[in-house]
Amino acid sequence: MRYSSYSELCRGHICQAVICDQYHKGIISGSICQDLCELHLVEWRTCLSAAPGQQVYSGLWRDKDVTIKCGIEEALDSKAQSDAAPRRELVLFDKPTRGTSIKEFREMTLSFLKAKLGDLPSLPALVGQVLLMADFNKDNRVSLAEAKSVWALLQRNEFLLLLSLQEKEHASRLLGYCGDLYLTEGVPHGAWHVAALPPLLRPLLPPALQGALQQWLGPAWPWRAKIAIGLLEFVEELFHGAYGTFYMCETTLANVGYTATYDFKMADLQQVAPEATVRRFLQGRRCEHSTDCTYGHDCRAPCDRLMRQCKGDLIQPNLAKVCALLRGYLLPGAPADLREELGTQLRTCTTLSGLASQVEAHHSLVLSHLKTLLWKKISNTKYS
């Protein structure tokens, strides 16, 4: 296994060592375990992690550019490496237990998905996908190692979101897994160009400098318009999909990625959350101010100061937060004949409030107007 240089918070060799140790012991399984641990066909490249608890790397697998995601927080403490694997076995791969039938595992998975996504009529189909994925070797049975691996993956928010959004154009495609390590299709280009900096330095850049870097090094304005249209389409995909509504709870340019052809791809789904999960967290939560009613970074609900409890409805919908982001991304460098109208529409969009479901027609209209305005400017050009 080869590595490029990366900071101390990136420990790809430990990720692979711990995962493969558990695979060889028969505790876990998965579609890429053999390639990862026996054939050594997974090449780890650049570390993309910004925090020790989120191990992310670019890589190469069977001639495909991939993103490798590994959640081995316990293994990152060098003093604890010797017992990291046993602790993970006890905590992460504790379910299901030996003797669990496939019927029980199906019911267990359905109950878990109901708690995360809400009681939706489409969930049995999603459970079917989970069981199909678990039986990666197509032997028409789910072994204990296969069930433990898929169960551990479901506990990871981003994996659950990837599974729920697999049919959506703007979410990365899931390629394979081993235990709770998984691969997605290649790393999208970053919409802001500080990705090459060491992860520990990125948060230190002031917003003004980040904006300047975007203007100097980012894509030409028409390409940015195309990326923005994809981001707006992603907002539509998150609203009232087959598996419910999802909220973007950290709306930053760092999560805006794009392919070589400037098609939008969500770079990170860690802070996208199901409506049911957000509501359960917020509803009835004790508060003094609305800042006490925050899920993730910016999913905020009102505080009922009389009852001193958070309400379940968010103050700002996805679309308003995305439009606030696009003001800084699209207005600088916009064509002169478009700038005033674009600015007006984005300002209107940022003032949207309340759940989109309550003002659905208005939200759809605002979103449609924005997409039409941008498409008119780049359609019938090389940028479309």
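Residues are numbered from 1 along each chain as its sequence is written. Because the model is predicted, local features need pLDDT of at least 70 and side-chain atom pairs count only at pLDDT 80 or more, while totals for chains, interfaces and linings use all residues; side-chain values use heavy atoms, with hydrogens and water left out.

**The chain as a whole**

- The chain holds 13 helices and 14 strands; these are DSSP runs numbered from the N terminus, with helices being H or I of at least four residues and strands being E of at least two.
- Of the 384 residues in the chain, 50% are buried (buried means under 20% relative accessible area, exposed over 50%, and partly exposed in between, with a 1.4 Å probe and protein chains only).
- Among contacts with a separation of 6 or more, 64% link residues 24 or more positions apart (a contact means heavy atoms within 4.5 Å).
- The accessible surface comes to about 18000 Å², and carbon and sulfur atoms account for 54% of that (areas come from the Shrake-Rupley method with a 1.4 Å probe, and for residues only the protein chains shown count as cover).

**The sheet**

- Five strands form an open sheet in the order β1-β2-β3-β5-β4, with antiparallel pairing (two strands pair if DSSP finds at least two bridges between them).
- β1 and β4 (174–178) are the edge strands, each with a single partner, so one side of each has no neighbour in the sheet.
- From one strand to the next, the twist averages 30°.
- Helix α7 packs on this sheet, where α7 touches β3, β4 and β5 and makes an angle of about 45° with the direction of β5 (axes are lines fitted to C-alpha atoms, for helices over the stretch in contact, and angles run from 0 to 180 degrees between N-to-C directions).
- α7 (residues 157–164) is mostly covered, with 7 of its 8 residues buried; among them are Phe-159, Leu-160, Leu-161, Leu-162 and Leu-163, and also Glu-158.

**Strand by strand**

- Strand β1 (residues 42–47) is joined to β2 by 4 bridges, and the two run antiparallel.
- β2 (residues 55–61) is mostly covered, since 6 of its 7 residues are buried.
- β2 also pairs with strand β3 (residues 64–70) over 7 bridges in the antiparallel sense, and Gln-55 stands opposite Cys-70 in β3.
- The hairpin of β2 and β3 has 2 residues between the strands, and there Arg-62 takes a positive phi near 50°.
- β4 is paired with strand β5 (residues 181–185) by 4 bridges, again antiparallel, with Cys-178 opposite Leu-181 in β5.

**Helix packing**

- Helix α9 (residues 221–238) packs with helix α13 (residues 360–378) at an angle of about 155°, their axes 10 Å apart.
- That angle makes α9 roughly antiparallel to α13 (under 35 degrees counts as roughly parallel, over 145 as roughly antiparallel, 65 to 115 as roughly perpendicular and the rest as oblique).
- α9 passes α13 in a left-handed crossing (left-handed if the near helix is turned anticlockwise from the far one by less than a right angle, right-handed if clockwise).
- Residues of α9 in this contact include Trp-221, Ile-229 and Leu-232, and those of α13 include Leu-367, Leu-370 and Trp-375.
- The axes of α4 and helix α10 (residues 275–282) come within 5 Å and cross at roughly 70°, which makes α4 roughly perpendicular to α10.
- Here Ala-115, Lys-116 and Leu-117 in α4 meet Ala-276, Thr-277 and Arg-280 in α10.

**Loop residues to look at**

- Ser-29 sits in the loop between α1 (12–24) and α2 (33–37) and counts as buried at 11% relative accessibility.
- Leaving aside residues up to four places away in sequence, Ser-29 touches residues including Phe-136, Tyr-177 and Cys-178.
- Gly-99 lies in the loop between α3 (84–91) and α4 (102–117) and is exposed, at 73% relative accessibility.
- His-40, in the loop between α2 and β1, has a positive phi of about 55° although it is not a glycine, and counts as exposed at 54% relative accessibility.
- Arg-308, in the loop between β13 (303–304) and β14 (309–310), has a positive phi near 55° and is partly exposed, at 39% relative accessibility.
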